[in-house]
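Visitor: I would like to learn how to read a model of this kind, one feature at a time. Could you take me through it?

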Amino acid sequence: MALKVAFPYTIPVLTGFTFLGIAYGILMSSKGYGAGWTVLMSLMVFAGSAQYITINFLTTIFNPINAFLITLMINARHLFYGISMLDKYNDSGKLKPYLIFGLCDETFSIVCSTEAPKDVDKDWFYFFITLLNHAYWVLGSFLGAWLGSKISFNTKGLDFVLTALFVVIFIGQWKNKENRKPAIVGVVCSIICLIIFGQDNFIIPSMAAILIVLTIWRKEFIKKDILTKEGIQ
Amino acid sequence: MTLTSTQTILIICIVTLGTMITRFLPFILFKGNKSNNTYIKYLGQVLPYATIGLLVVYCLRNVNFKTPSYGFPEAIAIVCIIILHYWKENTLLSIGAGTVIYMILVQFVFV
């Protein structure tokens, strides 16, 4: 019942995850990782951008600490999804661990903006949204891994799919004027740190720089935000 | 495969652990009560945008402007994505077309 009601809400994710999952599977197989590895990764991690970046860690020297830190950084945004979902997921009982486990970008975008219809149990409704999304992601990446083993084509440049994904998210955020200052802070701090610390060591300094700049300018940022929201500007 | 199977499993576990920390931490930290800390709320508002900026730079970190192809494939593909995304506002189309354009550029144009 809750599954039937939840399904229509997940259709956009079905198309999105099939596409991104296939690209991921093909990319993994082009680096020598078969369907087993790809499915294991999609089942356990269930975080697209982190999984794409993990391919870098699988194809360079073994560096678990770096892998850990970059995963934390990439997924730091989940902290804010969690904070937004504290209330909704507060009393979901035995389903709660899985709901939190599956709180990826796409799941969050649905559950934060959708209230369960009155005749459905809300916890099971959110559970099935999460489960369906998880299933699409695993199946999509499996399909990609399978395709990658059957068809061989030149995959050079396919990893640009991740860059494209972030650029598209960036544009989406840029359209809202309020978001532009933090976005600029992120880009400028990162570029400066990239120049100073080099391409292998700039992530942590960038994160620190971003935090410092955002903290120092918080009064100004907050004030401007409120002004914009109230339509004074 | 560059890593051994054991190393690969370790990396997968570590990435899983890292991801789960970011997903579970808020629920552990703010168990029961709502987050009333204005600083955390402020970070919650601004950090997602700054992070995506950082990730874009991270993805482009290996672009070298001094050697051929001077970053042209990346620049052209990104401009196409921007135009396409403002025009059609279709996430998948923008990502798909941008990636294909980039692949064509690095495989056939800037070889």
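**Reading the two chains**

Guide: Let us begin with burial in chain B of this predicted model: of the 111 residues of chain B, 41% count as buried.

Visitor: Which elements make up chain B, and in what order do they run from the N terminus?

Guide: Chain B holds 4 helices and 0 strands, and from the N terminus on its elements follow the order α-α-α-α. The general idea for extent is to set the radius of gyration against a rule for globules; for chain B the radius is 20 Å, well over the 13 Å that the globule rule gives for 111 residues, so chain B is more spread out than a compact globule. Along its principal axes, the C-alpha trace of chain B spans about 55 × 45 × 30 Å.

Visitor: How is chain A divided into domains?

Guide: Chain A has domain 1 (2–150) and domain 2 (176–229), and the C-alpha centres of these two domains of chain A lie 27 Å apart.

Visitor: Is helix α6 of chain A largely enclosed or largely open?

Guide: Burial can be read by counting neighbours, a residue being buried if 20 or more other C-beta atoms lie within 10 Å of its own. In α6 of chain A, 8 of the 9 residues are buried, so this helix is largely enclosed by the rest of the structure. The buried residues of α6 include A:Arg77, A:His78, A:Phe80, A:Tyr81 and A:Met85.

Visitor: Where is A:Leu95 found, and is A:Leu95 buried or partly exposed?

Guide: A:Leu95 is in the loop between α6 (77–85) and α7 (96–101) of chain A. With 17 other C-beta atoms within 10 Å, A:Leu95 is partly exposed.

Visitor: Which residues is A:Leu95 in contact with, leaving aside its neighbours within four places in sequence?

Guide: Those residues are A:Asp123 and A:Phe127. As for A:Val167, which is 72 residues from A:Leu95 along the chain, the C-alpha atoms of the two are separated by 34 Å.

Notes
Residues are numbered from 1 along each chain as its sequence is written. Chains are lettered from A and ligands numbered from 1 in the order in which they are written. This is a predicted model: local features need pLDDT of at least 70, side-chain atom pairs count only at pLDDT 80 or more; totals for chains, interfaces and linings use all residues. Domain bounds come from an automatic or database domain assignment. Helices (H or I, at least four residues) and strands (E, at least two) are DSSP runs, numbered from the N terminus. The radius of gyration is taken over C-alpha atoms; the globule rule is 2.2 Å times the number of residues to the power 0.38. A residue is buried if 20 or more other C-beta atoms lie within 10 Å of its own, exposed if 12 or fewer, and partly exposed in between; C-beta atoms are placed from the backbone. Two residues are in contact if their C-beta atoms, placed from the backbone, lie within 7 Å.
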